[in-house]
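Here is a brief report on one protein model. Keep the sequence and the 3D view at hand while reading.

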Amino acid sequence: MAGEAQASFRRAAELNKVPICAVPDKAGAELKGAVMITRRAECSCGQLSAVCSGEIVRISVCHCLDCKRRTGSAFSYNVRFKEGDVSIQGRAADFTRIGEQGGRVSYSFCPDCGTTVHYRIDTQPGVIAIPVGAFADPSFPPPFQSFYHDSRRCEWVEISAEPLAKIG
Ligand SMILES: [Zn+2]
Ligand SMILES: [Zn+2]
């Protein structure tokens, strides 16, 4: 779904005077992704934050072993924004690891509480990834993509978002 569907949704929203953020659930993740909202991610202690606006580039979950270790959970849930749409404040420490497919991932975390608030992947220049949990927002849009879906997913984990591209 792309420009056309979004444009027609925008027209409908204008006609009905519906705030564009009030997208019904069935409208699909990509449509929600196009919605312009400013959101603030922050670490557990609040020292390090990332204020994100503009169009969401991608929302994904990842079941890889490194993501399990980084998050302490069964999978990671991440959003990407263009670099210029993210404003970072506070002190960060960095840790770089080599991903399962050879890319370098550089995590920036709060040196006081340890929460990762943003990270970059060298194969995705111009883009910043934010762990969605840092927004502490249960209504954050669902993922479009699920990585290491068949190879590393815990067998009891189901991702029910639609549409969902399953990769790996
Ligand atoms: Zn902190
Ligand atoms: Zn991963």
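**Overall layout**

This is a predicted model. The protein has three helices and 11 strands. In sequence order, the pattern is α-α-β-β-β-α-β-β-β-β-β-β-β-β. Of the 168 residues in the protein, 26% are buried. Consider the contacts with a separation of 6 or more: 53% of them join residues 24 or more positions apart.

**The nonpolar cores**

The largest nonpolar core has 19 residues. Within this core, Ala 41, Val 79, Phe 81, Val 117 and Ile 130 touch the most other members. At least two core residues come from each of these strands: strand 2 (49-52), strand 3 (56-62), strand 4 (76-82), strand 8 (116-121) and strand 9 (127-131). Strand 9 supplies three residues, the most to this core.

A separate, second core holds six residues. Cys 62, Cys 67, Phe 75 and Phe 147 are among them.

Back in the largest core, look at Val 79. Leaving out residues up to four places away in sequence, Val 79 touches Ile 56, Ile 59, Ile 130 and Val 132. Ile 130 belongs to the group that touches the most other core members, as does Val 79 itself.

**Val 117 and strand 8**

Val 117 sits in strand 8. Is Val 117 buried or exposed? Val 117 counts as buried because it has 23 C-beta neighbours inside 10 Å, and the cut-off for buried is 20 or more.

Its contacts come from several stretches of the chain. Neighbours within four places in sequence are set aside here. Val 117 then contacts Ala 41, Glu 42 and Cys 43, as well as Leu 48, Ser 49 and Ala 50. Further partners of Val 117 are Ser 108, Phe 109 and Cys 110, plus Ile 130 and Ala 134. Ile 88 is 29 residues from Val 117 along the chain, and the C-alpha atoms of the two are separated by 9.2 Å.

Five of the six residues of strand 8 are buried, so strand 8 is largely enclosed by the rest of the structure.

**Strand pairs**

Strand 8 pairs with strand 7 (residues 104-109) in the antiparallel sense, over five bridges.

Elsewhere, three strands make an open sheet in the order 1-2-5, with antiparallel pairing. Strand 1 (39-42) and strand 5 (86-89) are the edge strands, each pairing on one side only. Neighbouring strands in this sheet are turned by 20° against each other on average, with direction ignored. Strand 1 and strand 2 are joined by four bridges in the antiparallel sense. Glu 42 has Ser 49, in strand 2, as its bridge partner.

**Loop residues**

Which loop holds Phe 144? Phe 144 lies between strand 9 and strand 10 (145-147). Phe 144 is buried because 20 other C-beta atoms lie within 10 Å. The C-alpha atoms of Phe 144 and Val 61 are separated by 8.3 Å, although the two residues are 83 apart along the chain.

| Residue | Phi |
|---|---|
| Ala 136 | near 45° |
| Tyr 148 | about 55° |

Ala 136 is in the loop between strand 9 and strand 10. Tyr 148 is in the loop between strand 10 and strand 11. What is the burial state of each? Ala 136 counts as exposed because it has 11 C-beta neighbours inside 10 Å. Tyr 148 is buried, with 20 other C-beta atoms within 10 Å.

One more backbone site deserves a look. Glu 162 and Pro 163 are joined by a cis peptide bond, with omega of about -5°. Pro 163 is in the loop between strand 10 and strand 11 (165-167).

Technical notes:
Residues are numbered from 1 along each chain as its sequence is written. Chains are lettered from A and ligands numbered from 1 in the order in which they are written. This is a predicted model: local features need pLDDT of at least 70, side-chain atom pairs count only at pLDDT 80 or more; totals for chains, interfaces and linings use all residues. A nonpolar core is a set of buried Ala, Val, Leu, Ile, Met, Phe, Trp, Tyr and Cys residues joined through C-beta atoms within 7 Å. A residue is buried if 20 or more other C-beta atoms lie within 10 Å of its own, exposed if 12 or fewer, and partly exposed in between; C-beta atoms are placed from the backbone. Two residues are in contact if their C-beta atoms, placed from the backbone, lie within 7 Å. Two strands pair if DSSP finds at least two bridges between them. Axes are lines fitted to C-alpha atoms, for helices over the stretch in contact, and angles run from 0 to 180 degrees between N-to-C directions.
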